[in-house]
Amino acid sequence: MNHILSSCLYISKFRQNKTTMHTWKVWVIYIVLAAHLPEEQALGQACLSCDATQSCNCSSMGLDFIPSGLTGKITVLNLAHNRIKLIRAHDLQQAVNLRALLLQSNQISSIDEDSFASQGKLELLDLSNNSLAHLSPVWFGPLFSLQHLRIQGNSYSDLGESSPFSSLRNLNSLHLGNPHFSIIRQGNFEGIPFLNMLKIDGGNLSQYEPGSLKSIRKINHMIISVRRIDVFSAVIRDLLHSAIWLDVRKLAFSVPEKIQLLRIMSSSFAKKISLKQCLFTDATVPVIVSILEGMPRLMEVEMKDCTLLGTGQWYTQIHAKQSQSLRVLTIENLSIEEFYLFTDLQSVLNLLSLFRRVTVENTKVFLVPCKLSQQLLSLEYLDLSANLLGDQSLEHSACQGAWPSLQTLNLSQNSLSDLEMTGRSLFHLRNLTLLDISENNFGEIPDVCKWPANLKYLNLSSTQIPKLTRCIPTTLEVLDVSANNLQDFGLQLPNLKELYLTENHLKTLPEAAGIPNLVAMSISRNKLNSFSKEEFESFKQMELLDASANNFICSCKFLSFLQREAGITQALVGWPESYICDSPLAVRGAQVGSVRLSLMECHRSFLVSLICILTFLFILILVVIGYKYHAVWYMRMTWAWLQAKRKPKRAPAKDVCYDAFVSYSENDSNWVENIMVQQLEQACPPFRLCLHKRDFVPGKWIVDNIIDSIEKSHKTLFVLSEHFVQSEWCKYELDFSHFRLFDENNDAAILLLLEPIQSQAIPKRFCKLRKIMNTKTYLEWPPDEEQQPMFWENLKAALKA
């Protein structure tokens, strides 16, 4: 209250004209009304900001309800991550063209039956991670266009007695389940003929009625997370002829007797099996392998983020016949605690000869047994990245007769350090065309190396190479030596078509004579500062150039050279878009055309940067100076002075009914209200004081109260103290009372010092107040009781003057 009083003293002391006062009233009334607008309307207006495609993002805004104001133009409405608890029947009534409705991660526990009655065009509905305790078929009845439904992460324990999805004939993907989900009944999926993806989170699924999923004739991708083998077996029995890709998650294959329940999978028509976050043991692996080998159409097996409790000592003979369809094996992030004791997998050697693609990534492989490598007769693609292969182990793994059909080999992120030995180990792989040995630590490389005869692609990026030698094979068509320590490139590679030199220390272009057939080159993030005509003389076949993020001295001359001399048809030279936005060279793949850049355009980047820096420094200096010398205060004072010159000095005498209006700090209210008021208002004759706590008219706008009280008072009595001077509202009061109360040099103001005030405590910018306190008499409250009667007499005399 005191802050408001003080901030308005200037307004109250110097009345504004009627127009200004009316404007103030309208403005305050507007704020009050806006503050009491219905929350729903206010949030609705704040939320609904839509892009050109009428996609409205209202996520993470703390909404407690679906905002009002939805129209038929909206196509996408994102209300995720709010606090919505209820969907009402009228909330979405006007959004008749909605295609996607995202309500995930709210607190929705109830949905009115007709909530989606007008969403006949809705294709995506996400109700995941809410608090729905049951599902009603009535909700989804009108959604005949729905293709994607996500209802996982709620609190329902079942899907009901019948199918809640019976009307969703166009449903393409369905994601359901939660930690409370425990039972699937027959008929729960009636009405769904086909699904591209069905995901069931059934970590606590304990009961599955046979035949529940048989109504779905085809499921391209079936994702199921369960813990019980018997439940999983019952589900698989219904999916033998409908699931194309079985994606099994978080299932422990640890008990051999229970694994026998899965032999029904041998009759499955699935083409791909994924096992993610599953657990295996040495005792159960042979059973699983025999089951997979027996699947007649299985083409791919994938294991990701799984755990094997064992060392591969599978003594149980695998009797299954070799699969005639299985061709792809992917193992990623397999955890084997005792990987250093892992065996040579003799028991499965006869099952591997038909594999064409094998990936064993990030599984701590330090050796592939020679016999195992020799058995992979059909292998065309091998990815052993992010493992522990060293130079010696690679030589043993790629022994004579190993991988005879191999075309692509990825050995990136291993422990290789001898490039000559790496090439020699792979020399016999006559069909190898692509080799990735990036992110190893080769360092210095020898002058001569042996490589497979048909090697076309070699990736040596991030291998700490300081200099290239003739160790690099001349058969290459693509070479990647990015992120090394190269300072030059002078190799003779007549067949090279693509060269990647990003993130090195090159200061000049490669010698073009050595790579005459080059059509694409990336040399970005180096230290190039110019290109000459001679350097580009032989690059007549160049089609793509990426030279961005370099240190070109004169980009304009180089641009002209590229157009007229180099013959390049595509380029990315990396100049700031601010001044080459019209240039075809600004974007990779654009055709080089006739570009005319002036000298100003050539240096625009530098000029723009310089202007921005100078502008920033200028603004910073202004802010510092303004803060140091109180510039904002002086601007406010100037405006207040201009306003004060237009105001009348005093109100008519007939309207004055108070002897003084008292302005004081709230911290001094005890002294003012209990001591001063008692002394003055009980005097003979009594003085009539105006106090905001007592005399303001209830219900009246506070600004009007202040104006009326000040104008109806003979004097303005300031009770000064350390609290008064140092508090923010008191400073604000002095700001707006400075001109009229002190500058007019009248006696309307009475200064009463309740306690001694140090001169340094008064802000320096209040020079007038300092001057008045130094030149005029002011009253000072004496702590000695004997002097207090004289103080009251002096104060009464000042009020009567």
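Reader: How many salt bridges does the structure hold?

Author: Welcome! The structure, which is a predicted model, holds 15 salt bridges.

Reader: What makes Arg-150 and Asp-126 a salt bridge?

Author: Their closest N and O atoms are 3.4 Å apart. The cut-off is 4 Å between a side-chain nitrogen of Lys or Arg and a carboxyl oxygen of Asp or Glu, so this pair qualifies. The two residues come from distant parts of the chain: Arg-150 belongs to strand β7 (residues 148-150) and Asp-126 to strand β6 (residues 124-126), 24 residues apart.

Reader: Why is Asp-126 called buried, and what makes Arg-150 partly exposed?

Author: Asp-126 has 4% relative accessibility, so it counts as buried, the limit being under 20%. Arg-150 has a relative accessible area of 33%. Exposed would need over 50%, and partly exposed is what lies in between, so Arg-150 is partly exposed.

Reader: How do you know that Glu-681 and Arg-694 meet in a salt bridge?

Author: The N to O distance of their side chains is 2.6 Å, and the rule asks for one within 4 Å. Glu-681 lies in helix α17 (residues 669-681) and Arg-694 in helix α18 (residues 692-695), so the pair ties together parts that are 13 residues apart in sequence.

Reader: Which other residue meets Arg-694 in a salt bridge?

Author: That is Asp-695, with 3.3 Å from N to O. With the limit at 4 Å, this pair of Asp-695 and Arg-694 is a salt bridge too.

Reader: What makes Glu-681, Arg-694 and Asp-695 partly exposed?

Author: Here are their relative accessible areas: 26% for Glu-681, 41% for Arg-694 and 22% for Asp-695. Buried is under 20% and exposed is over 50%, so Glu-681, Arg-694 and Asp-695 are each called partly exposed.

Reader: Which residues are linked in a network of salt bridges?

Author: Asp-158, Glu-161 and Arg-185 are linked in this way.

Reader: Let's turn to rings. Why is the pair of Phe-140 and Phe-165 called tilted?

Author: The structure has 12 aromatic pairs. In the pair of Phe-140 and Phe-165, the ring centres are 6.3 Å apart and the planes stand at 35 degrees. Rings pair within 6.5 Å, while stacked needs under 30 degrees and edge-to-face over 60, so Phe-140 and Phe-165 are tilted. Phe-140 lies in helix α5 (residues 137-140) and Phe-165 in the loop between β7 and β8 (173-177), so the pair ties together parts that are 25 residues apart in sequence. Phe-140 is buried at 0% relative accessible area, and for Phe-165 the value is 0% as well, so this residue is buried too.

Reader: What makes Phe-253 and Phe-280 stacked?

Author: Between their planes there are 0 degrees, and the centres are 5.3 Å apart. Stacked means under 30 degrees, with centres within 6.5 Å, so Phe-253 and Phe-280 are a stacked pair. This pair also links distant parts of the chain: Phe-253 is in strand β14 and Phe-280 in strand β16 (residues 279-281), 27 residues apart. Both Phe-253 and Phe-280 are buried.

Reader: Which residues form one aromatic cluster?

Author: Trp-139, Phe-140, Phe-165 and Phe-189 form it.

Reader: How do you know that the charged end of Arg-297 sits over the ring of Phe-269?

Author: The charged end is 3.9 Å from the ring centre, and the distance limit is within 6 Å. The rule also asks for a position within 35 degrees of the ring normal.

Reader: Why is helix α6 called largely enclosed?

Author: Seven of the 10 residues of α6 (residues 229-238) are buried, so the rest of the structure largely encloses this helix. Among the buried ones are Ile-229, Phe-232 and Asp-238. Their cover includes β12 (218-226), β13 (243-249) and α7 (256-259).

Reader: Is Glu-332 buried or exposed?

Author: Glu-332, found in strand β19 (residues 328-332), has 19% relative accessibility and so counts as buried, since the limit is under 20%. Beyond neighbours within four places in sequence, its contacts include Met-303, Lys-304 and Glu-361.

Reader: And why is Phe-616 called exposed?

Author: Phe-616, in helix α15 (residues 604-628), has 55% relative accessibility, so it counts as exposed, which takes over 50%. Phe-616 is one of the residues of a nonpolar surface patch that have about 1,100 Å² of accessible area together.

Conventions
Residues are numbered from 1 along each chain as its sequence is written. This is a predicted model: local features need pLDDT of at least 70, side-chain atom pairs count only at pLDDT 80 or more; totals for chains, interfaces and linings use all residues. Side-chain values use heavy atoms; hydrogens and water are left out. Buried means under 20% relative accessible area, exposed over 50%, partly exposed in between (1.4 Å probe, protein chains only). Helices (H or I, at least four residues) and strands (E, at least two) are DSSP runs, numbered from the N terminus. Contact means heavy atoms within 4.5 Å. Patches are made of residues with over 30% relative accessible area and no salt bridge: like charges are joined within 9 Å, nonpolar side chains (Val, Leu, Ile, Met, Phe, Trp, Tyr) within 5 Å. Accessible areas come from the Shrake-Rupley method with a 1.4 Å probe; for residues, only the protein chains shown count as cover. Rings of Phe, Tyr and Trp (its six-membered ring) pair if their centres lie within 6.5 Å; planes under 30 degrees apart count as stacked, over 60 as edge-to-face and the rest as tilted.
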